[in-house]
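Please find below a short note on the structure shown here. The points begin with a single residue and then widen to the whole chain.

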Amino acid sequence: MTSEQLLAEIREANLTYLMLAQTLIRQDKAEAVFRLGLNEEAADILASLSAAQVLKLASRNTLLCSFRVDDELVWSLLTNHKTPRKAASEATNTLHANILMASRV
């Protein structure tokens, strides 16, 4: 992948993320804040952006969204990695991972 292709992919990801975020926030702000890992102030700003502002933000060459999965514990819980009884504990691991990620907002 060339550098220009990579930048185009980043811009597309930014646009997709911003459009998704706006849709979620406008439908149910509280749920969007939880699912996106945003604070309420950021949610308000995103919801108020015009289409032109969204396009301008999306055109940046830096990815605007980030992973909340930033440590080995959460990755292990989500992938059931290092879990002896994977099938039996999958739901519990997913719930635990969601709680950890939600607490990091």
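1. Apart from its neighbours within four places in sequence, Asn14 is in contact (heavy atoms within 4.5 Å) with Leu57, Ala58, Arg60, Thr62, Leu63 and Leu64. The side chain of Asn14 also reaches the backbone oxygen of Thr62 at 3.0 Å. Asn14 belongs to helix H1, and it counts as buried because its relative accessibility is 0%; buried means under 20% relative accessible area, with a 1.4 Å probe and protein chains only.

2. The model is predicted: local features need pLDDT of at least 70 and side-chain atom pairs count only at pLDDT 80 or more, whereas totals for chains, interfaces and linings use all residues. Residues are numbered from 1 along each chain as its sequence is written, and side-chain values use heavy atoms, with hydrogens and water left out.

3. The protein chain has six helices and zero strands (DSSP runs, H or I of at least four residues for helices and E of at least two for strands, numbered from the N terminus). Of its 105 residues, 26% count as buried.

4. Leu18 touches Leu46, Val54, Leu57, Ala58 and Leu64, residues up to four places away in sequence not being counted.

Terms used
Buried means under 20% relative accessible area, exposed over 50%, partly exposed in between (1.4 Å probe, protein chains only). A polar contact is a pair of N or O atoms within 3.5 Å; within protein, one must be able to donate a hydrogen and the other to accept it, and residues adjacent in sequence count only if both atoms are side-chain atoms.
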